[in-house]
Amino acid sequence: MSWDWKAHADAVNAAHGELAARGQPGHAEAAARFHSAIEAAWPPGFFEQLERCKQGDPSGLDAVLDFLEACPYFFRSGYIQGKALAYALRPSRTPAQDERLRAIVHGAVTGRLWLPFRRIPTIARAVDAPGMRAELQRLLEHPKLRVRANAARVLEHLQSA
C-alpha cells in the first residue's frame, strides 16, 4: 500500500493552522479536527510496525523505511523520525534495505530529507559501502556549506570506526 504522506501532512498542518486559542469560540471543534488529522496521518498499523523494528523484527522495516524516505513534516513527525532512525538498524536487513538506508543517509546529508541528523552517522556506519564513501567525499566539494559539513561529519564517524 502506498501511503500519501504529503497529503496527510498537509491536512495536519492545515488543521494546526486553524487552531483557536483555548477558551475562544471554535476551539473545541478546531482541536477535534486537528487531533483527527493527526490520527489519520499515520497508515494503519504503522506504530505496530515501528514497535516490531524496535524489537528487532524485520517484518516492520519496510514501512519504517517508507516513512523515512517520505520524510513528512507535521506535528510530532520529527519525534517519530528520531525513533524510526534509532530502530531501523535493529532488525536484520536485506541488501535492498541497506541500499535504501544509504539513500536516506545521502538525502539527510544533502538536505533533501529533513531528518534528525544525530543518528545519520551511526546509520552510515551500519550500511557503509565504498560507493557511499566515494559519494560523501564528492560532497565535501558541494557549493553549500551545510552539505559539506554534514558529509564531513559522516565521513569522520566512518573513519573512526
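Helix α8 (residues 130-139) has Met 132, Leu 136 and Leu 139 as its buried residues, and in this predicted model they pack against α6 (95-110), α7 (120-126) and α9 (145-159). Viewed down the axis of α8, these buried residues fall within an arc of 55°, so they line one face of the helix. An α-helix has 3.6 residues a turn, so residues three or four places apart point the same way. Turn to the face of α8 directed away from the buried side and you will find the exposed residues Pro 130, Gly 131 and Arg 138.

Now for the charged side chains. The model holds nine salt bridges, among them the three listed here.

| Salt bridge | N to O distance |
|---|---|
| Arg 100 and Asp 66 | 2.5 Å |
| Glu 69 and Arg 100 | 2.6 Å |
| Asp 98 and Arg 93 | 2.5 Å |

How accessible are the partners? Arg 100 counts as buried at 19% relative accessibility, whereas Asp 66 is partly exposed at 35% and Glu 69 is partly exposed at 30%. In the remaining pair of the table, Asp 98 is buried, with a relative accessible area of 17%, while Arg 93 counts as partly exposed at 23%.

How values were computed:
Residues are numbered from 1 along each chain as its sequence is written. This is a predicted model: local features need pLDDT of at least 70, side-chain atom pairs count only at pLDDT 80 or more; totals for chains, interfaces and linings use all residues. Side-chain values use heavy atoms; hydrogens and water are left out. Buried means under 20% relative accessible area, exposed over 50%, partly exposed in between (1.4 Å probe, protein chains only). Helices (H or I, at least four residues) and strands (E, at least two) are DSSP runs, numbered from the N terminus. The arc is that of the directions from the helix axis to the C-beta atoms. Contact means heavy atoms within 4.5 Å. A salt bridge is a side-chain nitrogen of Lys or Arg within 4 Å of a carboxyl oxygen of Asp or Glu.
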